[in-house]
Structure formats: structure tokens, C-alpha cells
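Welcome! Please take a moment to look over the sequence and the fold before reading on.

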Amino acid sequence: MIDHVSLGTRHYAQAVAFYQQALEPLGLALQRDTGAEAAFGTASQWSFFLYPVEEDQPVTAKGTHIALGAASRAVVAQAHAAALAASGTDIFTPRTRPDI
């Protein structure tokens, strides 16, 4: 079981604002933002972290993929809509994935 995930970003403030909006339907909220780390989750379980990355440093590796659980298909749709409203890009519309 994965306990938490940490991601780097070159656009820290924008990423924090985006994830505040996109994660809210999943019941995850910004718990702490120090400017050097943003922690999202619930009061009892912080599970998603963002860190600023310098321009000359890599941010992700090819094939990086993170999937977050949701209580229902309706919550998936709400999270997808919130991410799009926060200027996210739809590369795969939510759907069932029996292959994974």
C-alpha cells in the first residue's frame, strides 16, 4: 500500500492552487504550505505533497502516472470537472479501466 506521493514542480504556486481545487471533490485539502512544501490530504492523513524544483532539475520521469482513489463514479466526475475548471487538460476522459 502506498502511503503518500511527492511531486516536484517548476510552477509551485500555480500547482498548489490547481491541486487545491482539483483534489477538493476527493476530500483532500491543503493541510500545510511552507513555500518549500505543500501537503494535501485529510487532517489525519497527509498523502500528496508538492515541492518546488529549480529550472535546471528534472521534474518527472517518463511513464510517471499517479491515480487517486474516489468513493464513486460521481466523485470521479466531480474531480475531473474541478481539475478542468482549474485549467487542467483532459488527456483521458474518466472511464472504467478493466485492463488495469
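## A first residue

Is arginine 73 buried, partly exposed or exposed? Arginine 73 counts as partly exposed, because its relative accessibility is 47% and the classes are set as buried under 20% relative accessible area, exposed over 50%, and partly exposed in between (1.4 Å probe, protein chains only). You will find arginine 73 in helix H2. Its C-alpha atom is separated by 8.7 Å from that of proline 94, 21 residues apart along the chain.

## About the model

This is a predicted model, in which local features need pLDDT of at least 70, side-chain atom pairs count only at pLDDT 80 or more, and totals for chains, interfaces and linings use all residues. Residues are numbered from 1 along each chain as its sequence is written, and side-chain values use heavy atoms, with hydrogens and water left out.

The average pLDDT (the predictor's confidence in each residue, from 0 to 100) is 91 for the chain, and 99% of the residues score at least 70. Helices (H or I, at least four residues) and strands (E, at least two) are DSSP runs, numbered from the N terminus.

## Aromatic rings

How many aromatic pairs does the structure hold? There are four, where rings of Phe, Tyr and Trp (its six-membered ring) pair if their centres lie within 6.5 Å; planes under 30 degrees apart count as stacked, over 60 as edge-to-face and the rest as tilted. Phenylalanine 18 and tyrosine 19 make an edge-to-face pair, with 5.0 Å from centre to centre and 85 degrees between the planes. One aromatic cluster is formed by Phe18, Tyr19, Phe40 and Phe48. Tyrosine 19 is partly exposed, at 23% relative accessible area.

A pocket is found on a 1 Å grid over the protein atoms alone, as an open set of points where a 1.4 Å probe fits, with protein on both sides within 12 Å along at least five of seven lines; lining residues have an atom within 4 Å of a point. The volume of the largest pocket is about 1,700 Å³, taken as the space filled by probe spheres set on the points, which are joined across faces, edges and corners. S1, helix H1 (12–23), strand S4 (46–52) and helix H2 (73–85) each give at least two residues to this lining. By class, the lining has 23 nonpolar, 13 polar and five charged residues; Ala, Val, Leu, Ile, Met, Phe, Trp, Tyr, Cys and Pro count as nonpolar, Asp, Glu, Lys and Arg as charged, and the others, Gly among them, as polar.

The second largest pocket has a volume of about 370 Å³. Ile2, Val5, Ser47, Ala67 and Leu68 are the closest to its centre, out of 16 lining residues. That lining divides into nine nonpolar, six polar and one charged.

Threonine 9 belongs to strand S1 and is buried, with a relative accessible area of 13%. Its side chain reaches the backbone nitrogen of histidine 11 at 3.0 Å.

Serine 87 sits in the segment after H2 and is exposed, at 64% relative accessible area. Although serine 87 is not a glycine, its phi is positive, about 75 degrees. Glutamine 31, in strand S2, is partly exposed at 30%.

Note on methods:
Polar contact = N/O pair within 3.5 Å; in protein donor to acceptor, adjacent residues only side chain to side chain.
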